[in-house]
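Subject: Structure handover

Hello,

Here is the structure for you to look through. My notes on it follow below.

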Amino acid sequence: MQPEGPHTPPLRNLQTLPPDTVAVSRHTSGANYRTGDLKLGRAAVLADLQRYLQVPFDCLLKRVGALPPLQDLQRIRNNLTESKVLTDDESGLRWTDFTPPNASKGSEENVFEPLGRIIDRILAETPNRRVSFVANPNVTPLSERNNTSRPDGYLVLSKERNKRKIHWFDIAVPFEFKKVQDRESLRDDEEKIIWSLHSIMREDLCRRFTFGITMEGTQLRLWLTNRAFLAVTQPINFFQNVDSVISLFYALGSASASSYMKELGWDPTVKRIHDGEKFRYEFTIRDEVFTTTRELATYGADSMVGRGTRVYEATDAEGNKVAVKDSWRDFGRLSEGKILENILASCTERLSPEELEDAKNHFVQVRLWEDVTIDDAPDETLNLTVAEECSHTRAWVSIDANPILSATPHLPSTGDIPDSGRPSDLLCPRFDNSREKDTSIPRRVHTRTVFHDVGVALKDVTSLVDILSCLCDALKALYYLHKSGFVHRDFSVGNVIRVGGLGKLGDFEYAKRIDSDISHDVRTGTRHFMAVEVESQKYLFFPRLTLSPNGTTDTPPFRMNFLHDIESVWWAFTWIFFYHTDMGTANSHDSNVFDAQTQWNQYHVAFPDTIGHTKRRDFFIDYAELQKTCQKCISETCQTVCSDIAFFACAIQESYVTAEKEYPLLTLSDLLLKDIHSKAAEYLRKAQCCARDLGIELCPLPDLLKHKRSRPQNETSLAPINQGKKARMT
């Protein structure tokens, strides 16, 4: 017997459930990062990080590689003395040719030149080591992203050392040096080493983590970054802690001795190959081999800390097309494959057989998934909570928000969600304060998912009727999801794909049961499509409350519900018409008919680069003003299709009012669920029918504006703008 309704309780006491995780914007998906300006790019990376973990030197040293036993340490010391790298006299043990940089008058390059000989001599004491040191390289490392930054030095794969150009792929450990240890030198080294670590992690799918080294004056620090956190050691004195220096470079050398160098962060479960034109990757997942054919989305790897999601189109051994998703989920969170399995199990219980079959068609189909294992152990980020030497002396340190670096260009990632395309007026990033009181050390688990479906993301479709058809199908998928008792929590134009004429909903990593009692660490949201209550982390549509005798009101924790998913659909619908115009208008030259810049300016109001803009909330709530804005900004052709944007917004707000009328209880009834889905579907169907009659092709406004700015002075008309499609998995 099929139970009735979606089984959402009519009244929910919000005090009995934990709050949802706070949504934060990711600066590396914003316009500043994607301008190609190195200064803005570095600022975005720092803004995402906000902090690093400072630990004792030995805490990280022990996790690099095999340390030399005391007997070997004495042997290495003696060998270094015999080779005159070390001097042992009445003044003690000291480096023969390397004097404290802050006491030297030469250039930075000359002052640190002896350091390279010291490192190479220590590495030579390591059996089978496979890395060498390159100091002060005069050639910028090769990059798939046109990265023009250059470390002061690096450990590089020995077989690549003599190449004219080294690729970021081949850098094992980057270095930054400064002669003195003052505030400006520390900041400059920190920003540069963080960018180098970031560059390695975003460039190289094969890197799970990476180490770095900075030295200011006499002080040396060891850095580590993975997808959960950035850590740095307390400094040691390079000239007083000779044994620690020997142990560090011996450990790095021994870590490179294994065939896959997994102790230095390389991933033995994926192989990079070059076919003469481009790089491909071979994944081994559950004994099956999948070879990538092209990138679909790599923007998740731009943020140093996070899921690091990369998605590739690939083929299996029989040549069948699939999509392979590589990511790092929060420790304790279910994998996307398992979440989707739970959703389908719930659908089986709560939907009719016909609805169940339709739901399966509207969800992306998972072929297989597994957590990555290395040497029969789960591939997880370093767990420093078990390190006894770290337990009492580790501390989170805030990163200085004011970058001081010069500007040079770099290229953005593949498949990023279109946003403003305009750098912020202020370089100083806006930090989220939600993590200030969080002293825990995050952990993540490496996972891979293979999907049957490879299609075109909704954001890349250019036929308006196809876009709206895809959105209608995604709304239907959400209905089945909601009826089964789940919320998606991350609906966007990048998480819906068109496969064979059918729209499918994907990216279920943040989906959870509406009454789940599980919460997780701070997460990244797709800010452009985030419901205004989710952005505010509070309910906004309840009646005014009466103050208690002590002057307070009862404020329950905020939780996402199905109405927020519906609002995200509305934002996607709105984004279509504010980010694009129709091709007919784009190819016309009458500025009196359509002003692209006016629409683009309004786009920035509705879809800002950062979270917390009240104008965005006003844009949604004030539907009377919204109606005027649409009439003023959007082309007449598109207005015909999107005439119900304001009415759609009004319907959602009325549903919020209904749900929150008994606040702090929420009235999330089956009737409300069915009503809002019915209204949303009707608005989308009406727009779809209108678009079908008009046969509209869309042009992204950034392309139109760029086309107009680049028009030669003597050109009397612009060439027609055409847009292609890029295939992509969610």
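Start with Asp330, which sits in strand β17 (residues 321-330). Strands here are DSSP runs of E with at least two residues, helices are runs of H or I with at least four, and both are numbered from the N terminus. Is Asp330 buried or exposed? Asp330 counts as buried, at 7% relative accessibility. Buried means under 20% relative accessible area, exposed means over 50%, and partly exposed lies in between (1.4 Å probe, protein chains only). Now find Arg444. Asp330 and Arg444 are 114 residues apart in sequence, yet their C-alpha atoms are 4.5 Å apart in space.

A word on the source. This is a predicted model, in which local features need pLDDT of at least 70 and side-chain atom pairs count only at pLDDT 80 or more, while totals for chains, interfaces and linings use all residues. Residues are numbered from 1 along each chain as its sequence is written, and side-chain values use heavy atoms, with hydrogens and water left out.

Next, the whole protein. It has 21 helices and 32 strands. Of its 730 residues, 58% are buried. Take the contacts (heavy atoms within 4.5 Å). Among those with a separation of 6 or more, 76% join residues 24 or more positions apart. The accessible surface is about 29800 Å², and carbon and sulfur atoms hold 47% of that. The areas come from the Shrake-Rupley method with a 1.4 Å probe; for residues, only the protein chains shown count as cover.

Now some helices. Helix α8 covers residues 242-255, which is 14 residues. From first C-alpha to last, α8 reaches 20 Å, close to the expected 20 Å. The expected span is 1.5 Å times one less than the number of residues. In α8, 13 of the 14 residues are buried.

Two packed helices are described by the angle between their axes and the distance between the axes. Axes are lines fitted to C-alpha atoms, for helices over the stretch in contact, and angles run from 0 to 180 degrees between N-to-C directions. Angles under 35 degrees are roughly parallel, over 145 roughly antiparallel, 65 to 115 roughly perpendicular, and the rest oblique.

Look at α15 (residues 596-606) and α16 (residues 614-621). Their axes come within 7 Å and cross at roughly 100°. So α15 is roughly perpendicular to α16. Gln602, Val605 and Ala606 of α15 meet Lys615, Arg616 and Phe619 of α16. This contact has three nonpolar, one polar and two charged residues. Nonpolar covers Ala, Val, Leu, Ile, Met, Phe, Trp, Tyr, Cys and Pro; charged covers Asp, Glu, Lys and Arg; the others, Gly among them, are polar.

Helix α16 also meets α13. These axes come within 12 Å and cross at roughly 95°, so α13 and α16 are roughly perpendicular to each other. On the α13 side are Glu567, Trp570, Trp571, Thr574 and Phe578; on the α16 side are Arg616, Phe619 and Phe620. Five of these residues are nonpolar, one is polar and two are charged.

Last, the backbone. Most residues other than glycine have a negative phi, and most peptide bonds are trans. Where is Asn128? Asn128 lies in the loop between α6 (113-123) and β6 (131-135). Its phi is positive, about 60°, and Asn128 is exposed at 64% relative accessible area. Gln537 has a positive phi near 60°. It is in the loop between α12 (532-536) and α13 (562-579), and is partly exposed at 22%. The peptide bond from Tyr663 to Pro664 is cis, with omega near 15°. Pro664 is in the loop between α19 (645-659) and β30 (665-666).

Best wishes
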